[in-house]
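User: I'm new to this structure. Could you walk me through how to read a helix in it?

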Amino acid sequence: MRPYPKTHDHTQKWAADYLGLRAQWQSRTPAQEARCAAWRGARSAVDKDVRRTDRRHPFFAREGGAGLRALRAVLLSHVTYDADLGYCQVRPVVLKSTRKT
């Protein structure tokens with residue numbers, strides 16, 4: 001894991017890395033997905049966990065809202081980043097704890 005960003009440049013680099021990872025999984029074709037069982041399994045687990053996310057926080061309260069879409073995008077981007085590890089169910093809990101109230 002990278003250390004906490006100390007400068008604006010680091011934050012911009014992290015944002016660029018995230019956008020690249022997000023573009024990578026969003027651009028997968030159905031044929032590519034059909035050949036990658038690990039990705040399909042991880043995406044299915046992410047989708048299930050996002051639906052089960054605790055909705056008491058206003059950011060995650062609305063079904064299909066921006067909060068849940070953002071959570072899904074971050075989780076799928078991290079699966080893309082760390083494909084060897086795949087998906088771990090603790091990630092949504094960790095991500096939710098970083099969201100300011």
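**Reading a helix**

Analyst: Let's start with R22, which sits in helix α1 (residues 8-26); helices (H or I, at least four residues) and strands (E, at least two) are DSSP runs, numbered from the N terminus. Keep in mind that this is a predicted model, where local features need pLDDT of at least 70, side-chain atom pairs count only at pLDDT 80 or more, and totals for chains, interfaces and linings use all residues. Residues are numbered from 1 along each chain as its sequence is written, and side-chain values use heavy atoms, with hydrogens and water left out.

User: Which residues of α1 are buried?

Analyst: Buried means under 20% relative accessible area, exposed over 50%, and partly exposed in between (1.4 Å probe, protein chains only). In α1, D17, L21 and W25 are buried. They cover an arc of only 65° around the axis, so they lie on the same side of α1; the arc is that of the directions from the helix axis to the C-beta atoms. H8 and D9, on the other side of α1, are exposed.

User: Why would residues a few places apart point the same way?

Analyst: An α-helix has 3.6 residues a turn, so residues three or four places apart point the same way.

User: What do the buried residues of α1 pack against?

Analyst: They pack against α3 (37-51) and α4. Contact means heavy atoms within 4.5 Å. Take T80 in α4 (residues 66-81): leaving aside neighbours within four places in sequence, T80 is in contact with L21, Q24, W25, R28 and W39. T80 counts as buried because its relative accessibility is 12%.
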